[in-house]
Amino acid sequence: MRASLSLLVLVLTLPAFADEGVLPLGADGKPLNLDFETGTLKDWTATGEAFKDQPIKGDTVKARRADMQSKHQGNYWLGGYEKHLDKPQGTLTSVAFKVTHPWCSFLVAGGPHLTTCVELVRKETSEVFYRVSGTETETLARVAVDLQKLRDKEIFIRVVDKHSGHWGHINFDDFRFHTEEPKIPARA
């Protein structure tokens, strides 16, 4: 009886997906700020005004909308609407980093436009090999990307907000590498 109770407790305390992942490392061998947990835009370069006063601390979405919440990870996240609404435009580009794992995942929400998106880019060719937009929700959802063909190549992340109309913003958080494909619920 006691052994089965311990097993039940173990099952109930497992994370949402078994491989929580790791942050990519910078040239200095230290984890990059791709989850914004420094409370700054360290390891990122902003152009334009869209990401002014970022990152956001806490769930500001839940405070202003009864029907949504941010579902960010940790304390900080990138909330495109939260400080200056939909009008400002710009990009936020991470430093380049080496692909050391076969999979990555991150959280995304916001506008559904081609001009409100998160792009993963090969450094050596500037080719966008993955792009995803929001789905007209402020609730961040995790997406997974197969990186097996890019192992040992350098990539970077570009968060794009080039839309000022309805749902003219993008939200982003928690980029991670994974050893196996993350099991993620389907996006709404």
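The model is predicted. The salt bridges number 11 in total, and a network of such contacts links Asp-35, Arg-142, Asp-174 and Arg-176.

**Arg-64 and Glu-82**
- A salt bridge joins Arg-64 to Glu-82, with 2.6 Å between the closest N and O atoms.
- Arg-64 belongs to helix H2 (residues 60–64), whereas Glu-82 sits in the loop between strand S3 (76–79) and strand S4 (90–94), so the pair ties together parts that are 18 residues apart in sequence.
- Arg-64 is partly exposed, its relative accessible area being 36%.
- Glu-82 is buried, because its relative accessible area of 16% falls under the 20% limit.

**Arg-131 and Glu-119**
- Arg-131 and Glu-119 form a salt bridge whose closest N and O atoms are 2.7 Å apart.
- This pair links distant parts of the chain, as Arg-131 lies in strand S8 (residues 128–133) and Glu-119 in strand S7 (residues 116–122), 12 residues apart.
- Arg-131 has a relative accessibility of 42% and counts as partly exposed, while Glu-119 is buried at a relative accessible area of 7%.

**Arg-122 and Glu-124**
- The salt bridge between Arg-122 and Glu-124 has its closest N and O atoms 2.2 Å apart.
- Arg-122 counts as buried, with 16% relative accessibility.
- Glu-124 is exposed, because its relative accessible area of 57% is over the 50% limit.

Note on methods
Residues are numbered from 1 along each chain as its sequence is written. This is a predicted model: local features need pLDDT of at least 70, side-chain atom pairs count only at pLDDT 80 or more; totals for chains, interfaces and linings use all residues. Side-chain values use heavy atoms; hydrogens and water are left out. A salt bridge is a side-chain nitrogen of Lys or Arg within 4 Å of a carboxyl oxygen of Asp or Glu. Helices (H or I, at least four residues) and strands (E, at least two) are DSSP runs, numbered from the N terminus. Buried means under 20% relative accessible area, exposed over 50%, partly exposed in between (1.4 Å probe, protein chains only).
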